[in-house]
Amino acid sequence: MRAVVINEYGSKDVLEERELPKPEIKANQVLVEVYATSINPIDWKLRAGYLKQMLDWTFPIILGWDVAGKIVEVGSEVKHFQVGDEVFARPSTTAEGTYAEFTSVDEELLAKKPNNLTFEEAASIPLAGLTAWQCLVDKTKVRQGDKVLIHAGAGGVGSLAIQMAKHLGAYVATTASEKNEAYVKELGADEFINYRTQQFEQELSDYDVVIDTMGGDILNKSFQVLKPGGRLVSIAGQPDPELIEKHQITASSYWLTPNGKQLSEIGELLEKGILKPQVGSVFDFSVESLQKAHELSETHHAKGKIVIKVK
């Protein structure tokens with residue numbers, strides 16, 4: 001199969017194409033023919049070597065941890081899926097990712113692809129969708145009437161989180177640039193903060209929940225908008241224990257857990273049109289295109305999700 005791999009850590013130029021054998025599946029896995037995958041910050045952070053302590057793998061490494069495609073082979077213990085099923089998934093975090101024509105996925109991480117979505121749309125959902133869902137539902141337990149601030153509402157996680165928070169009955173504020181004001185309001189945001197001209201921590205107060213996708217200064221300033229007893233979760237940094245104590249809130253950093261059952265629930269919301277996929281750009285499956293896609297993701301200014309059409 002064709003795959004795009006890295007053989008060393010470095011800039012986008014370390015991405016290269018290789019012919020590799022198809023993955024061999026275990027009893028609890030299926031082999032998926034990859035129709036589409038998507039780009040997430042973990043891809044280029046790993047490529048650049050920022051995650052090598054956490055994910056200490058041998059080269060070559062196939063990046064990519066989102067997939068939409070068709071099952072072409074099933075393991076002997078697989079019960080709920082068969083050859084020909086159209087599926088999507090956030091596979092396990094392994095060195096055999098999804099920048100490839102085939103990838104193996106554990107049955108418990110699979111979900112049926114929503115019928116009303118293209119493969120490209122379906123590939124945009126798993127990692128960002130599960131991250132948003134777990135932050136809102138599992139970690140901060142957003143409920144009807146909560147005031148929720150979602151940072152970077154036009155981004156991959158933010159654009160899904162706004163829709164999910166509205167579905168859960170929250171009042172939603174979000175930060176974005178002026179060119180994305182109409183876009184985030186269309187997604188359901190009640191309040192727009194232009195991060196270039198406004199200081200969100202001066203504009204907002206008494207919030208129940210903050211979903212931080214940025215880290216750094218933005219994470220630290222986010223404490224100021226929360227009421228005592230508020231909840232903060234960051235997917236981009238480690239909240240400061242002193243600030244947690246000072247503001248009397250609960251805060252944690254979060255890394256998603258792949259979960260096929262939750263992905264199926266998200267799939268139902270997509271089928272009903274309650275959630276809409278947000279594909280900002282689609283690239284073809286070549287080294288040059290993947291380099292451009294990484295470059296776009298690294299700007300932190302991509303709108304929606306960056307998708308790679310493999311087949």
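Which residue caps the N-terminal end of helix 9? Asn259 does, with a side-chain oxygen placed 3.0 Å from the backbone nitrogen of Lys261. A pair of N or O atoms within 3.5 Å counts here as a polar contact; within protein, one must be able to donate a hydrogen and the other to accept it, and residues adjacent in sequence count only if both atoms are side-chain atoms.

This is a predicted model, in which local features need pLDDT of at least 70 and side-chain atom pairs count only at pLDDT 80 or more, while totals for chains, interfaces and linings use all residues. Residues are numbered from 1 along each chain as its sequence is written, and side-chain values use heavy atoms, leaving out hydrogens and water. Helices (H or I, at least four residues) and strands (E, at least two) are DSSP runs, numbered from the N terminus.

In helix 9, the buried residues (under 20% relative accessible area, with exposed over 50% and partly exposed in between, using a 1.4 Å probe and protein chains only) are Gly260, Gln262, Leu263, Ile266, Gly267, Leu269 and Leu270. They cover an arc of only 160° around the axis, which puts them on the same side of helix 9; the arc is taken from the directions from the helix axis to the C-beta atoms. Their cover includes strand 6 (86-89), strand 8 (110-112), helix 3 (126-139) and helix 4 (156-167), where contact means heavy atoms within 4.5 Å. Just past helix 9, Gly273 has a positive phi of about 80°.

Helix 4 has 10 of its 12 residues buried, so it is largely enclosed by the rest of the structure. Among them are Val157, Leu160, Ile162 and Met164. Helix 9 is one of the elements covering these buried residues, and strand 16 (305-309) is another. After helix 4 comes Gly169, with a positive phi near 95°.

Three strands form an open sheet in the order 2-1-4, with antiparallel pairing; two strands pair if DSSP finds at least two bridges between them. Strand 2 (15-19) and strand 4 (61-62) are at the edges, each with a single partner strand, so one side of each lacks a neighbour in the sheet. Strand 1 (residues 2-6) is joined to strand 4 by 2 bridges, and Val5 stands opposite Ile62 in strand 4.
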